[in-house]
Amino acid sequence: MIPVILGVAIMIFSVMYFVPGDPASIMLGSTATQAELEAAREAMGLNKPFTVQLVTYLKNVFLHFDFGVSYQNGTSVTQDLLIRFPRTLSLAALSILISVVVGVPLGVTAAVHRNSIRDRLSMLISLIGVSMPSFWLALMLVILFALKLGWLPPFGMGGVSYIILPALANSFAGIAGQARQARSSVLEVIKADYVTTAHSKGLSPRKVLIRHVIPNSLIPIITYSGVIFGRLLAGTLVIETVFSYPGIGNYMILGINNRDYAAVQGSVIFAAITFSIVMLLVDLIYAFVDPRIKAQYAGK
């Protein structure tokens, strides 16, 4: 986790440093005098060499958890992210839950009934889900459920109803990916010798599937769930913008549009930290799912 997060922090700071534009002029506006601009650059440390600015920024982020001050609003980026993070996390968590609950059974059904109409229908849904842009699906959901039917609110944040459409739009690609991954994993396990042995002992296909096939197919599915969580977290950039959902994704887009470098840098690093923690949890879950992995460390 440490080198990944550190590498992301260095990369995003370098990119934003070399992007054309003057943060001081962004903060003060076009009416600022040259003297005021120079004073602002001095106060912000922008007149220092690149390496000095980079080391100072990394020190503030990793030692003091300080992402700086928003150029546009004059507020603490750390506080802004902490306020918005629970909203983005809720959206991403609900999206991954929908992806797993719908996608995994879809993939298992396709594998068990390989080359049947169920298999072809499941893979067709997966192909559509992978190919369909999330922003287009979001707009179609708004037109159907908000404008035409009036069942759900089209944008903003309020009760539970406000998160349903964003979660559906954000999870559709995850459903497709989970279905494809689950199908592939189950097909690989079905060919194993212990599954053939279980069938030869007279166990019903349902018991073989529940006791042997699905448990031994979980490792790739769990791995993909961690990866897809990162994609869903990144996908909130578009989804939150379409639905005007006040999360980190919307915050980052506003920062990009307003050239608020501190907000963009903080959002990217915060997302990298979250994704790294999720992947660490995925690795730890392996030990509870696969006894072979747990046995390797049982005596240590």
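Reader: How much space lies in the largest pocket?
Author: In this predicted model, the largest pocket holds about 680 Å³ of space.

Reader: And which residues lie nearest its centre?
Author: The lining of the largest pocket is made up of 26 residues, and those that lie nearest the centre are F13, M44, L46, Q53 and Y71.

Reader: Which helices supply at least two residues of that lining?
Author: At least two lining residues come from each of α1 (2–18), α2 (23–28), α3 (34–44), α4 (50–64) and α13 (261–289). The largest share belongs to α4, which gives four residues to the lining of the pocket.

Reader: How does the lining divide into nonpolar, polar and charged residues?
Author: The lining of the largest pocket has 15 nonpolar residues, together with eight polar and three charged ones.

Reader: Okay, changing topic to helix packing. At what angle do α9 and α10 pack?
Author: Helix α9, which covers residues 193–200, packs against helix α10, residues 205–216, at an angle of about 160 degrees, and their axes are 10 Å apart. Since angles over 145 degrees count as roughly antiparallel, α9 and α10 are therefore roughly antiparallel to each other. Their crossing is right-handed.

Reader: Which residues make the contact there?
Author: On the α9 side they are Y194, V195, A198 and H199, while α10 brings P205, V208, H212, V213 and N216. Sorted by class, the contact of α9 with α10 has six nonpolar and three polar residues, with no charged residues.

Reader: What about α8 and α10, at roughly what angle do they cross?
Author: The axes of helix α8 (residues 161–190) and α10 cross at roughly 120 degrees and come within 8 Å, and α8 and α10 are therefore oblique to each other. This crossing of α8 and α10 is right-handed.

Reader: Which residues are in that contact?
Author: From α8 there are V186, V189 and I190, and from α10 there are H212, V213 and N216. The contact of α8 with α10 contains four nonpolar and two polar residues, and no charged ones.

Reader: Which residues touch, and how many of them are charged?
Author: The contact is made by V77, D80, L81, R84, F85 and T88 of α5 with I248, G249 and Y251 of α12. In the contact of α5 with α12, two residues are charged, two are polar and five are nonpolar.

Definitions and conventions: Residues numbered from 1 in each chain as written. Predicted model: local features only at pLDDT ≥ 70, side-chain atom pairs only at ≥ 80, totals over all residues. Heavy atoms only, no water. 1 Å grid on protein atoms, 1.4 Å probe; cavity = no way out; pocket = protein on both sides within 12 Å on 5 of 7 lines; lining within 4 Å. Points joined across faces, edges and corners; volume = space filled by probe spheres on them. Nonpolar A, V, L, I, M, F, W, Y, C, P; charged D, E, K, R; others polar. Axes fitted to C-alpha atoms, helices over the stretch in contact; angles between N-to-C directions. Parallel < 35°, antiparallel > 145°, perpendicular 65-115°, else oblique. Left-handed = near helix turned anticlockwise from the far one by under 90°. Contact = heavy atoms within 4.5 Å.
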